[in-house]
Amino acid sequence: MKNFTHINPTTKTNSYQLVLPLPIEILIPENDSVRLLSKIMDQLDYSLLYKAYSRKGRKSVVSPKMLFKIIVYGYMNNLYTSRGLERACRRDINFMWLLQGAKVPDHNTIARFRSKRILAAAEGLFYQLVELLKECGEISFENLFVDGTKIEANANKYSFVWRKSTEKNAAKLQDKLAETLQIICEKYHFAITESVDPSEVLSLLLIQQYQQNISFVYGTGKRKSQLQRDVEQLEELLARQRKYDDYGQIFQGRNSFSKTDHDATFMHMKEDHMKNAQLKPGYNVQIGVEAEYIVGIDISSERSDALTLKPLLQTMKNFLKGQKHENIIADAGYESEENYSYLDEEKQVCYIKPSNYEKSKAAKYRNNIRLLENMEYDEAKDEYTCRNGKKVCPVSVTQRKSKSGYRSVITVYECENCNGCPHKVSCTKAEGNRKFSVAKKFKWQREQSQRNITSAKGILLRINRSIQVEGAFGILKENHRFRRFLLRGKQSVRTEFLFLAMGYNLNKLHNKIQQQRCGKMLHEKKTA
């Protein structure tokens, strides 16, 4: 039965009252967010998106521009799945209004658009929206609040591959392979060289099979020849070697990856319901926020936030045609000499909280004689004075290379004489004189950043960082219930989060218009 219209059994007619069709236009309020979405999206340039479509073949059921609007509006209203978006296009009056009478796209069309068609154009469209916010006076490229969070990937949590285990098993495999090649070469009288190639030995074995006209057998009840056993053993070892070589290329400096999503890294998630520090595959999502709007994003497979600040700022600079924020405000997780130096080169003022800032307030920290901060330092002579009055002078200079390749200059200091010192137990565990290393440039940069964050302006910016960027993540995770990606692969995940960020920005703009808060950049410090 396909006709679901209710028929009166007596009169054989439709029992519902006949009504005139009403236009959808008058049913949607004038201040509805869908109207704002359509007005803003109509101002964007979609030329790069249309290049993803071939001019040959049949015409798309729904235009790419309309599909883009539908998906963004779905992310504004917590609709993320392609089937959910298709259902909304059939039932929700706002989605019908966006379609403007066009045929409803099916879930395959929506999924294909999001995972393939839009990939090259999504980031450009997002930053076009940021430029529109600048033209509207909503952002001014003055204060950028940066923070990151871990979001779970669409990958099996038991599909982990660890680098240490892979390297350990690969080393064992090489020993096993060398031993097997030695036995095979002696058994079949092959020439043994120092750099014997396992693939060449396998080829020689197959030649032996052809020359001796030996047929390989398979299945139960079949007795394999010794030659077949040797060939299969060598093929298995070579297959394992290729697998470990592929793993080595996938790691790309990481300690783990997921077999389901190779770009995902196993990380500690904040949503740890079992409270057992369980690792899950995920991505480190970085955002930059100004005036409560997300103005920059980056997706990283690195667990450390310190390695993500520079890529985020470089991406924003590239897409915003060189426009940069004057002040960069971030928490202690972003502190590093590389980040300090990069901001100094870009002429951006740094407001990064030092990692020892909170600890330095405690009396235990101030009384710790091991810490350099509690030693007297003579800048002219470049020497420290310990608690016992001994001089600690530089003895050598070396370099330290970070994971990203940045090199920092390290000065090594040594105390002139620690023999008989009454404070030695509290100062060092070394048997001889105490030695320690100092990165002078980093030390000076940290002191400068601490002066910035403790100024009146710095305090106001730190308050706003907690409100704006951490508040943005709170809205995305709690209000939008976005805690796990749907797509796989860094590029697809990046596109998915760009849709979410655009939906967030349009909701924020709509709310600020309704609350008459447009143009407000900072929250003022409240006092009792």
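Colleague: How many cavities of 30 Å³ or more does a search of the whole structure find?

Modeller: Happy to go through it; keep in mind that this is a predicted model. Rolling a probe the size of a water molecule over the atoms shows where empty space is left. With the whole structure searched, the number of cavities of 30 Å³ or more is three.

Colleague: Which residues lie nearest the centre of the largest cavity?

Modeller: That cavity holds about 100 Å³ of space. Its lining has eight nonpolar, two polar and three charged residues. Of the 13 lining residues, those nearest the centre are Cys-386, Arg-387, Cys-418, Cys-421 and Cys-427.

Colleague: And which helix gives the largest share of the lining of the second largest cavity?

Modeller: The second largest cavity has about 90 Å³ of space. Its lining is made of 13 residues, with Leu-313, Gln-323, Lys-324, His-325 and Gln-348 nearest the centre. By class, seven are nonpolar, three polar and three charged. The largest share, three residues, belongs to helix α11 (residues 309–319).

Colleague: How many disulfides does the count come to?

Modeller: A disulfide needs two cysteine sulfur atoms within 2.5 Å. The count over the model comes to zero disulfides. Take Cys-518, whose nearest cysteine sulfur, that of Cys-136, is 8.7 Å away, so by the 2.5 Å cut-off Cys-518 is in no disulfide. The number you asked for is therefore zero.

Colleague: Is Cys-518 buried or exposed, or in between?

Modeller: Buried means under 20% relative accessible area, and exposed means over 50%. Cys-518 has 42% relative accessibility, so this residue is partly exposed.

Colleague: Nice. Turning to the rings, are Tyr-75 and Tyr-80 stacked, edge-to-face or tilted?

Modeller: The model has 22 aromatic pairs by the rule used. For Tyr-75 and Tyr-80, the ring centres are 5.0 Å apart and the planes meet at 50 degrees. Stacked needs under 30 degrees and edge-to-face over 60, so this pair is tilted.

Colleague: What about Tyr-75 and Phe-499: how is that pair classed?

Modeller: Here the centres lie 5.7 Å apart, with the planes at 20 degrees. That angle is under 30 degrees, so the pair counts as stacked.

Colleague: How many residues apart in sequence are the parts that this pair ties together?

Modeller: Tyr-75 sits in helix α3 (residues 64–76), while Phe-499 belongs to helix α17 (residues 490–514). Both Tyr-75 and Phe-499 are buried. The parts they tie together are 424 residues apart.

Technical notes: Residues are numbered from 1 along each chain as its sequence is written. This is a predicted model: local features need pLDDT of at least 70, side-chain atom pairs count only at pLDDT 80 or more; totals for chains, interfaces and linings use all residues. Side-chain values use heavy atoms; hydrogens and water are left out. Buried means under 20% relative accessible area, exposed over 50%, partly exposed in between (1.4 Å probe, protein chains only). On a 1 Å grid over the protein atoms alone, a cavity is a set of points where a 1.4 Å probe fits but cannot get out, and a pocket is an open set with protein on both sides within 12 Å along at least five of seven lines; lining residues have an atom within 4 Å of a point. Grid points are joined across faces, edges and corners, and a volume is the space filled by probe spheres set on the points. Ala, Val, Leu, Ile, Met, Phe, Trp, Tyr, Cys and Pro count as nonpolar, Asp, Glu, Lys and Arg as charged, and the others, Gly among them, as polar. Helices (H or I, at least four residues) and strands (E, at least two) are DSSP runs, numbered from the N terminus. Rings of Phe, Tyr and Trp (its six-membered ring) pair if their centres lie within 6.5 Å; planes under 30 degrees apart count as stacked, over 60 as edge-to-face and the rest as tilted.
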